[in-house]
Amino acid sequence: MKTMKAARFYQVGQPLVIEEVLQPQPGPGEVLIRVKACGICGSDLHIVYEGVTPTAFQPIILGHEFSGVVAACGPGVSGWQEGDRAAVNCIVSCGRCRNCRAGREQICLERRLLGIHLNGGLAEFAVVPAENLVALPAGIPFDQGAILTDAVATPYHALTRRGRLVRGETVAVIGCGGLGLHAVQLARVLGAGLVVGLDVSETALDRARARGADRVIRNDQGDPAAALREATGGEGVDLAIECHGRPETIALAVAGLRIGGRAVIVGLGAEPIACLPPTEFVRREIELLGSYAFTTREIAELVELVAGGQLNLAASVSRRISLEEINPGLEGLHKKIGHPIRIVVAF
Ligand SMILES: [Zn+2]
Ligand SMILES: [Zn+2]
């Protein structure tokens with residue numbers, strides 16, 4: 001029996017344990033991936049430090065943002081060969097429910113996530129369904145291939161599918177951390193007219209400017225909704241992307257919209273939403289939408305944007321660490337040491 005090194009989660013508040021475990025075998029329709037890069041995500045912090053995202057079992061191999069090469073194919077897999085480079089969609093969907101059939105597999109009624117409900121990518125090998133793979137051209141480094149499957153695909157889904165961004169429209173991004181920074185960059189790439197970044201941190205706003213924001217606004221100072229309207233000639237923006245999941249920033253997203261505008265919430269939070277009275281909400285035909293994750297097709301679209309040179313993610317990988325450094329890596333992200341955008345475990 002072959003073994004592999006893996007980082008496993010046992011208990012909330014405890015460091016991951018790096019240990020030798022049995023190497024998994026691909027079943028029918030599955031592929032064994034030799035992991036080359038796996039990003040650490042805010043969701044991993046929710047699992048390890050806060051316990052707000054329970055895993056399906058313990059010990060479990062975390063890691064839901066990864067890329068690698070095909071090491072073996074299970075029975076019935078076609079189109080993939082040993083050595084092929086691939087990015088992995090972490091959402092395992094059933095393919096049969098009404099949402100899957102409508103092409104919305106990210107909200108599959110039976111969805112399970114690699115690294116949360118199934119063993120993930122913080123290991124030398126991972127077994128994944130073949131349909132979750134997206135071919136990664138040789139020109140895209142594995143670390144960029146890893147982060148585009150979650151950190152970049154999540155705001156991409158919010159902007160394109162949920163927000164229905166049209167070229168030339170004005171966009172506000174509230175919260176310019178990992179997700180928001182990529183939302184700013186993608187809005188620019190997708191042809192937005194004016195892009196405004198809002199945050200409480202000057203570091204975040206500097207980064208938003210570097211990724212293409214035309215204007216930045218501190219949303220903890222003055223009247224940010226008025227500043228947003230002022231930036232758009234008094235109208236308000238067509239589309240606002242909210243990345244904090246907090247009632248006050250959601251209210252700001254709605255208040256900053258033009259008549260007929262759309263606000264899309266990407267941030268997760270526990271408190272109820274309160275924004276406009278229905279009289280205004282209705283008369284202004286405001287849309288307030290939730291946006292969850294992404295699809296395999298959207299990951300493939302992002303791969304094309306990176307391969308074509310329109311989207312450069314080199315600056316998004318703040319640090320590369322080894323699997324042995326996973327616990328200091330999680331700690332660094334948790335405490336925001338050096339304001340990392342993405343820390344990636346490289347194999
Ligand atoms: Zn994630
Ligand atoms: Zn389904």
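Two strands are taken to pair if DSSP finds at least two bridges between them. Helices (H or I, at least four residues) and strands (E, at least two) are DSSP runs, numbered from the N terminus. The model is predicted: local features need pLDDT of at least 70, side-chain atom pairs count only at pLDDT 80 or more, and totals for chains, interfaces and linings use all residues. Residues are numbered from 1 along each chain as its sequence is written, while chains are lettered from A and ligands numbered from 1 in the order in which they are written.

Strand S17 (residues 317–321) runs parallel to strand S18 (residues 342–346), and 4 bridges join the two. Arg320 has Val344 of S18 as its bridge partner. A crossover is right-handed if, with the strands pointing away from the viewer, the path from the first strand over the helix to the second runs clockwise. His339 lies in the loop between H11 and S18. This histidine, His339, has a positive phi of about 45° although it is not a glycine. His339 is exposed, with 11 other C-beta atoms within 10 Å. The cut-offs are as follows: a residue is buried if 20 or more other C-beta atoms lie within 10 Å of its own, exposed if 12 or fewer, and partly exposed in between, with C-beta atoms placed from the backbone.

The protein chain is assigned domain 1 (3–150 + 294–346) and domain 2 (153–290). These bounds come from an automatic or database domain assignment. The centres of domain 1 and domain 2, taken over C-alpha atoms, are separated by 28 Å. Domain 1 contributes 14 residues to the contact and domain 2 contributes 8. Two residues are in contact if their C-beta atoms, placed from the backbone, lie within 7 Å. On the side of domain 1 that touches domain 2, helix H10 (residues 296–307) supplies the largest share, 4 residues. That side of domain 1 divides into 7 nonpolar, 4 polar and 3 charged residues. Here Ala, Val, Leu, Ile, Met, Phe, Trp, Tyr, Cys and Pro count as nonpolar, Asp, Glu, Lys and Arg as charged, and the others, Gly among them, as polar.

An open sheet of 3 strands has the order S2-S1-S4, with antiparallel pairing. Strand S2 (17–22) and S4 stand at the edges, each with a single partner strand, so one side of each is left without a neighbour in the sheet. Strand S1 (residues 3–9) pairs with S2 over 6 bridges in the antiparallel sense. Thr3 stands opposite Leu22 in S2. The loop between helix H1 (42–50) and strand S4 (60–61) holds Pro59. The Gln58 to Pro59 peptide bond is cis, with omega near -5°. Most residues other than glycine have a negative phi, and most peptide bonds are trans.

The largest nonpolar core has 101 residues, of which Leu122, Leu148, Val171, Val173, Ala183, Ala187 and Ile241 touch the most other members. Such a core is a set of buried Ala, Val, Leu, Ile, Met, Phe, Trp, Tyr and Cys residues joined through C-beta atoms within 7 Å. Domain 1 and domain 2 each provide at least three residues of this core. Beyond residues up to four places away in sequence, Val173 touches Gly180, Ala183, Val184, Ala187, Gly197, Leu198, Ile241 and Cys243.

Strand S11 (residues 171–174) is covered on both faces: Val171 and Val173 on one side are buried, as are Ala172 and Ile174 on the other. S11 runs parallel to strand S12 (residues 195–199), joined by 4 bridges. Ile174 stands opposite Leu198 in S12. With helix H5 (residues 178–189), S11 and S12 make a right-handed β-α-β unit. S11 also pairs with strand S14 (residues 237–242) in the parallel sense, over 4 bridges. Ala172 has Ala240 of S14 as its bridge partner.

Gly245 sits in the loop between S14 and helix H8 (247–255). Gly245 counts as partly exposed, with 17 C-beta neighbours inside 10 Å. Apart from neighbours within four places in sequence, Gly245 is in contact with Ile265, Gly267, Leu268 and Gly269. Glu285 occupies the loop between helix H9 (278–283) and strand S16 (287–290). Glu285 has a positive phi of about 45° although it is not a glycine. Glu285 is exposed, with 11 other C-beta atoms within 10 Å.
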